Amino acid sequence: MQYLIDQARVFRARAAAHGLDLGLQAEPARPRALFVSCSDARLVPALLTGSRPGDLFELRTYGGLIPDFSPDEVTGEARTVEYAVRDLSVRDVIVCGHSRCGLVDAAVSGYDEPTLTTAGGQWHALAQLDRLSAYPCVAPRLADSSLRLHAWFYETDTGAVLCHDPRASAFLPL
Ligand SMILES: [Zn+2]
């Protein structure tokens, strides 16, 4: 914990040394995308995408799980998606799964074959994307093409990032 505290104390100085714009303006941020991913510490969206403060609006949960939309039970995930899509008007949503995900690996436990857990992780990311596309705030923006959905997959072992290509029905290198 002390390391984290020490780093936070000198954060402004480190940011200045790297010429990092902290986006401290009064205007609200206009993020490029909503980035949905697992809370896994190895997956760092800002590092993957070269993002700076203000670039990404993030939703991170265990396994990157997106619940089914329910008008009777507004979840934190649903509120986050609605704010990004309706209020911030992001144009892109990236759902990023990853290899060696605890949630996915538990779901396919008993199958140690790496290709199976990779396939499971990729299928899992697509399942979250499908669920997201059914949200009332998302569906109309998909219909008028003002919002695009992307499924990515991060290989924690190699650092490679793959993107789902619907035409190929496969995850391919970006
Ligand atoms: Zn995970």
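User: Starting with I66: buried or exposed?

Analyst: I66 is buried, because 24 other C-beta atoms lie within 10 Å and the cut-off for buried is 20 or more. This is a predicted model.

User: Where is I66 in the chain?

Analyst: I66 sits in the loop between strand 2 and helix 4.

User: And what does I66 touch, leaving out residues up to four places away in sequence?

Analyst: I66 touches V36, E77, Q128, R131 and L132. V95 is 29 residues from I66 in sequence, and the two C-alpha atoms are 9.7 Å apart.

User: V36 came up there. What does V36 pair with in strand 2?

Analyst: The bridge partner of V36 in strand 2 is L59. In strand 3, V36 stands opposite V95.

User: How many bridges join strand 1 to strand 2, and do they run parallel or antiparallel?

Analyst: Six bridges join strand 1 to strand 2, and the two run parallel. Strand 1 also pairs with strand 3, in the parallel sense, over five bridges.

User: How many residues of strand 1 are buried?

Analyst: Six of the six, so strand 1 is largely enclosed by the rest of the structure.

User: Which residues have the most contacts inside the largest nonpolar core?

Analyst: They are L34, V36, V81, V93, I94, V95 and C96, in a core of 29 residues. The elements giving two or more residues to this core are strand 1 (33-38), strand 2 (56-61), helix 4 (76-87), strand 3 (92-98), helix 6 (114-133) and strand 4 (148-154). In soluble globular proteins, nonpolar side chains tend to be buried together.

User: Take C96. What does C96 touch, not counting residues up to four places away?

Analyst: C96 touches F35, V36, S37, L43, A125, W152 and Y154.

User: Helix 4 next. What is its reach, first C-alpha to last?

Analyst: Helix 4 has 12 residues and reaches 15 Å, close to the 16 Å expected at 1.5 Å a residue.

User: Which residues of helix 4 are buried?

Analyst: E77, A78, V81, A84 and V85 are the buried residues of helix 4. They cover an arc of only 135° around the axis, which puts them on the same side of helix 4. An α-helix has 3.6 residues a turn, so residues three or four places apart point the same way.

User: What is exposed on the other side of helix 4?

Analyst: On that other side, G76, R79 and D87 are exposed.

User: Backbone angles now. What is phi at S89?

Analyst: Phi of S89 is positive, about 50°, although S89 is not a glycine. S89 lies in the loop between helix 4 and strand 3. S89 is exposed, because 12 other C-beta atoms lie within 10 Å and the cut-off for exposed is 12 or fewer.

User: What about phi of S145?

Analyst: S145 is a residue other than glycine with a positive phi, near 60°. S145 is placed in the loop between helix 7 (139-143) and strand 4. S145 is exposed, with 8 other C-beta atoms within 10 Å.

User: Which strands form a hairpin?

Analyst: Strand 5 and strand 6 do, with four residues between them, and S169 in the turn has a positive phi of about 50°. Strand 5 (residues 161-165) and strand 6 (residues 170-173) run antiparallel and are joined by four bridges. H164 stands opposite F171 in strand 6.

User: Where is R52?

Analyst: R52 is in the loop between helix 3 (45-49) and strand 2. R52 is partly exposed, with 13 other C-beta atoms within 10 Å. Apart from neighbours within four places in sequence, R52 is in contact with L20 and D21. The C-alpha atoms of R52 and L20 are separated by 7.6 Å, with the two residues 32 apart along the chain.

User: Zooming out, how many helices and strands are there in the chain?

Analyst: The chain has seven helices and six strands, in the pattern α-α-β-α-β-α-β-α-α-α-β-β-β along the sequence.

User: What share of the 174 residues is buried?

Analyst: Buried residues make up 27%. Among contacts between residues at least 6 apart in sequence, 61% join residues at least 24 apart.

Methods:
Residues numbered from 1 in each chain as written. Predicted model: local features only at pLDDT ≥ 70, side-chain atom pairs only at ≥ 80, totals over all residues. Contact = placed C-beta atoms within 7 Å. Core = buried A, V, L, I, M, F, W, Y, C linked by C-beta atoms within 7 Å. Expected span 1.5 Å × (residues − 1). Arc of directions from axis to C-beta. Pairing = 2+ DSSP bridges.
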